[in-house]
Amino acid sequence: MPPKQKITSEMLLSHAFQIAREQGISAVTSRSVAKTVGGSIQPVFSHFPTMEALRKATFVYASETCMAEILKHQDEPDFMLRTNIWLLELARSDSNLFELLYLSGNFSSPNLWDTMMEWESNQKMIELFSQTYQLTAAETKDIFMRSFFMLFGIATMIATDKIDISNDEALDMVKRTVAQLVGGKGNG
């Protein structure tokens with residue numbers, strides 16, 4: 001008889017991530033993860049002693065998985081545009097994952113903005129933003145934050161079926177807003 005496969009935290013998180021994508025983060029439970037792994041709940045609790053720990057770890061796993069996907073394009077000239085499109089498409093076609101990443105409250109910092117500023121993809125975006133528009137660090141943070149909140153608001157309305165807008169329309173709004181903010185260095 002072959003030895004029983006050891007259930008690792010990586011295996012559990014991979015399954016929890018799939019459950020969160022398909023059914024939402026609230027569907028990630030010790031039982032649901034154990035069922036998809038094909039085992040008992042004991043390995044789940046040995047790696048994640050509480051449901052909160054499991055869901056926070058699922059959030060981190062999802063963040064890292066998405067970051068890797070985004071960063072594949074970091075050296076391409078249209079990285080900022082691709083990243084904006086990625087966010088809109090996530091809201092449009094993977095609303096459970098959008099909710100987990102941006103609306104669930106499983107953040108590593110006290111709020112979404114601080115958590116997002118830890119993500120390497122956003123650090124790269126801020127660096128490119130500053131270089132592209134020749135802005136100071138303070139101007140970059142201000143304009144990047146305001147333009148992101150606009151894009152995020154649109155994406156949230158898409159994810160929650162509150163608006164029907166194309167990617168081109170949303171991106172044009174953000175592009176025009178950034179141009180106005182950069183022209184007035186954020187104070188206009």
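Contact here means heavy atoms within 4.5 Å. The legends below describe a predicted model.

**Figure 1. Ser30 and its contacts.**
Ser30 is found in helix H2, which spans residues 30–37. Its relative accessibility is 8%, so Ser30 counts as buried. Which residues is Ser30 in contact with, leaving aside its neighbours within four places in sequence? They are Ile41, Val44, Phe45, Met51 and Leu54.

**Figure 2. The whole protein, for orientation.**
The secondary structure comes to ten helices and zero strands. Read along the sequence, the pattern is α-α-α-α-α-α-α-α-α-α. Along the principal axes, the C-alpha atoms fill a box of roughly 70 × 30 × 30 Å. The protein has 188 residues, and 43% of them count as buried. Take the contacts between residues at least 6 apart in sequence: 64% of these join residues at least 24 apart.

**Figure 3. Ser147 in helix H9.**
Helix H9 covers residues 137–159, and Ser147 has its place there. With a relative accessible area of 6%, Ser147 is buried. Residues up to four places away in sequence are not counted in this view. Beyond them, Ser147 touches Phe129, Val174 and Val178.

**Figure 4. Trp113 and two phenylalanine rings.**
A search of the whole structure finds 14 aromatic pairs. One of them joins Trp113 and Phe144, with ring centres 6.2 Å apart. The planes of Trp113 and Phe144 stand at 50 degrees, so this pair is tilted. Trp113 lies in helix H7 (residues 112–118) and Phe144 in helix H9, so the pair ties together parts that are 31 residues apart in sequence. Trp113 is buried, with a relative accessible area of 10%. Phe144 is buried too, at 4%.

Trp113 also pairs with Phe148. Their ring centres are 6.2 Å apart and their planes meet at 45 degrees, so the pair of Trp113 and Phe148 is tilted. Here Trp113 in helix H7 and Phe148 in helix H9 tie together parts that are 35 residues apart in sequence. Phe148 has 9% relative accessibility and counts as buried.

**Figure 5. The buried side of helix H6.**
Leu97, Phe98, Leu100, Leu101 and Tyr102 are buried in H6. These residues cover an arc of only 170 degrees around the axis, which puts them on the same side of H6. Which helices do the buried residues of H6 pack against? They pack against helix H1 (9–23), H4, H5, H7 and H9.

**Figure 6. The largest pocket.**
About 680 Å³ of space lies in the largest pocket. Its lining has 37 residues. Phe79, Met80, Leu81, Asn84 and Met125 lie nearest the centre of the pocket. Several helices each supply at least two residues of the lining: helix H4 (51–71), helix H5 (79–93), helix H6 (95–102), helix H8 (120–133), H9 and helix H10 (167–183). Which helix gives the most to the lining of the largest pocket? H8 does, with eight residues. By type, the lining divides into 24 nonpolar, eight polar and five charged residues.

**Figure 7. Two loop residues with positive phi.**
Most residues other than glycine have a negative phi. Gln134 is not a glycine, yet its phi is positive, at about 55 degrees. The place of Gln134 is in the loop between H8 and H9. Is Gln134 buried or exposed? Gln134 is exposed, with a relative accessible area of 63%.

Asp161 is a residue other than glycine with a positive phi, near 55 degrees. The loop between H9 and H10 holds Asp161. At 68% relative accessibility, Asp161 counts as exposed.

Technical notes:
Residues numbered from 1 in each chain as written. Predicted model: local features only at pLDDT ≥ 70, side-chain atom pairs only at ≥ 80, totals over all residues. Heavy atoms only, no water. Helix = DSSP H or I, 4+ residues; strand = E, 2+ residues; numbered from the N terminus. Buried < 20%, exposed > 50% of the residue type's maximum accessible area, 1.4 Å probe, protein only. Phe/Tyr/Trp six-rings, centres within 6.5 Å; stacked < 30°, edge-to-face > 60°. 1 Å grid on protein atoms, 1.4 Å probe; cavity = no way out; pocket = protein on both sides within 12 Å on 5 of 7 lines; lining within 4 Å. Points joined across faces, edges and corners; volume = space filled by probe spheres on them. Nonpolar A, V, L, I, M, F, W, Y, C, P; charged D, E, K, R; others polar. Arc of directions from axis to C-beta.
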